Amino acid sequence: MKEVVLSGIRSTGHLHLGNYFGALRNFVQMQHEYRCYFFVADWHSLTTHPTPEDHQGNVRTVISEYLACGIDPDVATLYVQSDVPEIAELYLLLNMNAYVGELERTTTFKEKVRKQPENVNAGLLTYPVLMAADIIIHKANKVPVGKDQEQNLEMARKFAKRFNRIYGVDFFIEPKGYSFSGKLIKIPGLDGSGKMGKSEGNALNLADDPEVIRQKVMRAVTDAGPTHENQTPPEPIQNLFQLMEVASQPDVIAYYRKQYAECKIRYGEMKSQLADDLIRLTAPIRERITDIQGDEEYLRKIVRQGAEKARESASKTLREVKEIMGFKPF
Ligand code: AMP
């Protein structure tokens, strides 16, 4: 029996190069080793964006980008959260054994209260319960999460254990975090510091046109150049070399490293080369995104197929949960 991996995707924004190298590329490989569930977390998005401008369009973009990166819907289960009502029912049941005090103490909740004091809704408070339902409904035991979601995963473990204890069963397994150890690459931003991120405004999106990629790369922060030979490059320049590491040929990287070490580097030329290589790297993915997004029929089929597969697993768990709790048909 294959281990079960589950990962949720926010339904707002585009996938960027950091998402690709930090997550998607690993998912593409993992889908053959594990039973993988990838879902678009559109209910979760409502906790912060209750009136999305183009809900359907956002979901469609995310699904298309996942498919374009190489997620195979015949191998993994790719679905939209709101297509699986069983998750909402399990969420309701789990809420009866989730306590307001512990939910109020969650770091992500406290952060959101600070960020959106005008909309502290019950969905925000019970976010960890919905996340627990997402995970345990498929009995997922491996959940790739970032640092910010570790506490919520801990809550999911707590709710799973509590269910077992309260109803005297050994039913839910405890989901564990999963990190792509060894293969982790941090993709830097183009603004000279930190990492590439959706909200930082420093990202190269997989769906960006070649001209947009070129503009973004040519505007990347640099400095006045090295002042002495064999200098260690400062962060903005390191970042450019790091991007070259994922996009350029080894001899090209070696050439620019040598130019830098000998104080002969011309940043304009280096960025132009980097832009060419990044465009070459992303072009096939971008083309696939455009093709998939334009194919209504195909997308409809994929989403329907994903919902069917996800509901098969979810309804089995929910049926068993209800039996354990004492719900029996008359
Ligand atoms: P986010 O879109 O920020 O929620 O990121 C989703 C996942 O993409 C993260 O958990 C990471 O695995 C990966 N990721 C995001 N940004 C980067 C980055 N700059 N470098 C490497 N991996 C990243």
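Trainee: How are H1 and H13 oriented to each other, roughly parallel or roughly perpendicular?

Mentor: H1 and H13 are roughly perpendicular to each other, a class that takes angles of 65 to 115 degrees, whereas under 35 is roughly parallel, over 145 roughly antiparallel and the rest oblique. This is a predicted model in which local features need pLDDT of at least 70 and side-chain atom pairs pLDDT 80 or more, while totals for chains, interfaces and linings use all residues. Residues are numbered from 1 along each chain as its sequence is written, and side-chain values use heavy atoms, leaving out hydrogens and water.

The axes of H1 (residues 17-33) and H13 cross at roughly 70° and come within 12 Å, with axes fitted to C-alpha atoms over the stretch in contact and angles running from 0 to 180 degrees between N-to-C directions. Helices here are DSSP runs (H or I, at least four residues) numbered from the N terminus, strands being E runs of at least two.

Trainee: Which residues make this contact?

Mentor: Leu17, Tyr20 and Phe21 of H1 meet Leu278, Leu281, Thr282 and Ile285 of H13, contact meaning heavy atoms within 4.5 Å.

Trainee: Where does H13 bend?

Mentor: H13 bends at Thr282 by about 40°, and Pro284 follows within four residues; the bend is the angle between axes fitted to the seven residues ending at a residue and the seven starting there.

Trainee: Which residues join H8 to H9?

Mentor: From H8, Tyr127, Pro128, Val129, Met131, Ala132, Ile135 and Ile136 meet Asn152, Leu153, Met155, Ala156, Phe159 and Ala160 of H9. The axes of H8 (residues 127-136) and H9 (residues 150-166) lie 9 Å apart at an angle of about 70°, and therefore these two helices are roughly perpendicular.

Trainee: At what angle do H3 and H14 pack?

Mentor: H3 (residues 55-69) packs against H14 (residues 296-325) at about 90°, with axes 11 Å apart, and H3 and H14 are therefore roughly perpendicular. Arg60, Ile63, Ser64 and Leu67 of H3 make the contact with Glu296, Tyr298, Leu299, Ile302 and Val303 of H14.
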